[in-house]
Amino acid sequence: MDPGRALVFLCLIPLCASDAQLGGHVVLEPYDFLFDTAVEAYYRGDWMSVILNMERALRNRATAHRVKAHCRINCANRTAFGEPLAGLGVPIPGAGSVDDLGFFQKILKRADCVKSCESEKLGPPSLHLISEEVKLEFRKRTPYNYLQVAYFKINKLDKAVAAANTFYQANPDHMEMRQNLDYYRMMAGVQEEDFKDLEAKPHMAEFLLGKRYYSDDSFGLAAEHFEVAIDEYFIADKECRALCEGPYDYDGYNYMEYNADLFQTMTDHYMQLLNCKQRCSTELASTAGKDKPFEDFLPSHFNYLQFSYYNSEKYVPAIECAKTFLLFHPEDEVMNQNLAYYSAVLGEDKAQGISARQVVKQYIQQSLLEKELLYLGYEIFGITFVDPDAWTPAEVMPQKLRDKQKADRETAARITEEIGNLMKEIETLVEEKNKDTSDIANIIKQEDGGPVLYEDIQVTMSSKELNGSQRVLLDGVITDDECRELHRLSNAAALTGDGYRGRPSPHTPSETFQGVTVLKAVKLGQEGAVPLKSARLFFNASEKVRKVLESYFRLDTPLYFSYSHLVCRAAISEKQEEREDLSHPVHVDNCLLISEHNECIKEPPAYTHRDYSAILYLNDDFEGGDFIFTEMDAKTVTAEVRPRCGRVVGFGSGKANPHGVRAVTQGQRCAVALWFTLDPTHVEKERIEAQEMLKMFSTPLDEEFSLTEAKDEPQPIAPEITTATDQESADKPADKPADEPADKPADKPAEEKLDAASDTQAEKPADTPKEKAKGKAVSKTTDTKAKPATKTKAKAGDQAKAKTADKVKSKAAAKTDGKQTVKTKTKQADKKGNAKPAAKKTSKAPAKKDSKTPTAAASASDSQRDKVEL
């Protein structure tokens, strides 16, 4: 920002204490300066300064917009072009130059009016030249990201919640902010009404409220809110159109190269202005967090209203609204029938005297004239115009353009058909090639997996025996006693609906789900609600699974936890009759499975960063609940696994491994569900916090744990910084709100001190304000190695290492030599002799009952899809 500008600003209205005056006029402080000041205060930890400056920046931005709109509307009314100018007399036919002078006199007078009005209320125009980068930050609602942290720091929870919710409404894919909101909901003193959208547009808020009452059949209240929404809509439309009258956008080329003459320049600018005004209907139909605007937004108000008035037996306004709707869609069959019915009930004579709303008639007339000018600009100068409205009559569009669009549609249809035929040919060739490749693959012996690291773990089934790739079934991962202890932990700590946005039955109404994360278990252990050693076992058992999978699948890069969850699912006895659904539908962990087309789309809301998955089972004393692998069609079962204590099924998270869970028809099924990533930017932050807490609570008997984490988990020394484009940077509900705004501009200096050896550098802070134990900061694990431990710690580590070796040797080998049962589907031969491909054989893992296995508490899904990791 130009230092000279810092000497000239202040507020239009008494919103701040530091107002200054220039020439007797109060000047509005530019909001970009206030924004920069607030960001600097943020890195100093000056939370009150952050709040004061960021709130003023938001107010001043809104004030600047209102002032500009007011000045332009007011000056347009004062210097209307339709009025004759004094001194020029009656226009003389053929004297075009005189009329031109009158026109430009109006232009000059309006320009002077607008400039004087804005300068008086805002200060010099150069003071409010805001960069596009800052404008983008405000459109993304980044200031509210800073505000929620600052308010949290000073314990203003209601304001922190409102700021967090406002930011989240515009950034619904922001995982850290969703975690923060989940955490706020669990905090004492936070009310549901605190979750406000401080940037909600009045017309949209009223419209959505009207829809809610309409859905509840409260038609009287619905009509009231729809009427207010219409009034607010036209106010917002007028302001939006006025703000379009800004400077010319050179649209990508250097303005120095622009050399159009007077009338071409005027045409270019005016066409750009009309385009902007037409887009106002789209902008007003859009709401934060919604990808697409509401279709036919303004007409839909009158559709809702006519039916609401009909249900309230108010036929006069019902007829008025029906006729108004027909201004947009005169051929709408249903609305014409409604109008005929209302007229018959009220009386044809009375109905004839009721007309459509005048404000809408004027709106439509103005909009159609603008469209005609824009289409004329397209025909003459080739200036592009895309009509945003579905109600525009076909005749407004030039015939030439209609013919072109028709030809384009026909060409697109023909190309689509040709591409479809080509894809079928390619699929046929691929199938033939795959058949040849599979025949060769059957001859070649598959390479065995890597070592499993622990003597008491056995590989029960490999990828080949499970009829797939990157699959493994392990037994003996934990002991029966450890299973029982984790089972007790789930009963004591798990909450119904945890990990599923509080829904007790997220996948099927016939079962209930409950779960607990590592961090919650450790916190409960700290509070004495559960044994701390049980929480430590939860941590260590999942860490053991990570090491084994990393070794068995021979990975060159380390696995990082993406999310870990101790979950149980229980059958609801009265809802088991004639049940045909699955406990968890077939899905893929890192893409959206579309089984009808044998496709899996790797894009949000799928957790695309997941690379490997595992489930550690704790019991088998229930009916149903078998884990299944399928083909992409979600129907053809290729392998089936029966849960049992200490058994782990591990697999790649991609589309090669669609999987699901059969219905649990009696009892409870418990397991530890684990998801891993190769990308350290998606590490499970809650787990790092839990690890730090366990370190603090460790005793000499826990040295093995300390050694394990120091050896295997790189420990950065500062809170992470996550890129704003990372839309899925967390895999679970957070227990604390983010310590920093996650969408801060990348060029801002980071508050945190990053590990000097770190290879990972991100753009924006995204961590959670945590109550650091002993002032120790923790961070996301990166590819870099941890700093060397102190000598004292190394000594303790050596002792723990020796103890670990003795412990491994002394463990009882609870191996089970269960026989493998392989179900093979017989080949189906075509009666006419055409051989069809044989169905894949289905392998079923052996299940050995243990009378000592405890009854499990209800499990959450092995899937990622309905889990709240946001």
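Y304 is partly exposed, since its relative accessible area is 21%; buried means under 20%, exposed over 50%, and partly exposed in between (1.4 Å probe, protein chains only). This is a predicted model, where local features need pLDDT of at least 70, side-chain atom pairs count only at pLDDT 80 or more, and totals for chains, interfaces and linings use all residues. Residues are numbered from 1 along each chain as its sequence is written, and side-chain values use heavy atoms, with hydrogens and water left out.

**Rings and charges**

How do we describe two aromatic rings together? A pair is described by the distance of the centres and the angle of the planes. Rings of Phe, Tyr and Trp (its six-membered ring) pair if their centres lie within 6.5 Å; planes under 30 degrees apart count as stacked, over 60 as edge-to-face and the rest as tilted. By this rule you get 36 aromatic pairs. In one of them, the ring centres of Y214 and Y304 are 4.9 Å apart with planes at 80°, so this pair is edge-to-face. Y214 belongs to helix α8 (residues 202–215) and Y304 to helix α11 (residues 297–311), so to speak distant parts of the chain, 90 residues apart. Y233 and F234 also pair: their centres are 5.7 Å apart and the planes stand at 90°, so they are edge-to-face. Both Y233 and F234 are buried.Charged groups can sit over rings too, meaning that NZ of Lys or CZ of Arg is within 6 Å of the ring centre and within 35 degrees of the ring normal. Here are two examples.

| Charged residue | Ring | Distance from ring centre |
|---|---|---|
| R642 | F622 | 4.6 Å |
| R687 | F539 | 4.2 Å |

**Helices and the whole chain**

The protein chain has 22 helices and 20 strands. Helices (H or I, at least four residues) and strands (E, at least two) are DSSP runs, numbered from the N terminus. Of the chain's 870 residues, 47% are buried. Contact means heavy atoms within 4.5 Å, and among contacts between residues at least 6 apart in sequence, 77% join residues at least 24 apart.

Which helix comes within 11 Å of α1 (residues 31–44), axis to axis? That's α5 (residues 142–153), and the two axes cross at roughly 35°. Axes are lines fitted to C-alpha atoms, for helices over the stretch in contact, with angles running from 0 to 180 degrees between N-to-C directions. On the α1 side, F35, V39 and Y42 make the contact, while α5 brings P143, Y146 and V149. Sorted by type, the contact residues are 6 nonpolar, no polar and no charged. For that sorting, Ala, Val, Leu, Ile, Met, Phe, Trp, Tyr, Cys and Pro count as nonpolar, Asp, Glu, Lys and Arg as charged, and the others, Gly among them, as polar.

D36 also sits in helix α1. With 27% relative accessibility, D36 is partly exposed. The C-alpha atoms of D36 and V134 are separated by 9.3 Å, though these residues are 98 apart along the chain.

**Spots in the loops**

V477 is found in the loop between β4 (471–475) and α17 (480–493). Is V477 buried or exposed? V477 is buried, at 2% relative accessible area. Beyond its neighbours within four places in sequence, V477 is in contact with I457, K544, V545, L616, G646 and V648.

Most residues other than glycine have a negative phi. E313, in contrast, has a positive phi near 60° and isn't a glycine. E313 is in the loop between α11 and α12 (315–328), and at 63% relative accessibility, E313 is exposed. N467 has a positive phi near 60° as well, again in a residue other than glycine. The place of N467 is the loop between β3 (458–461) and β4, where N467 is buried with a relative accessible area of 10%.
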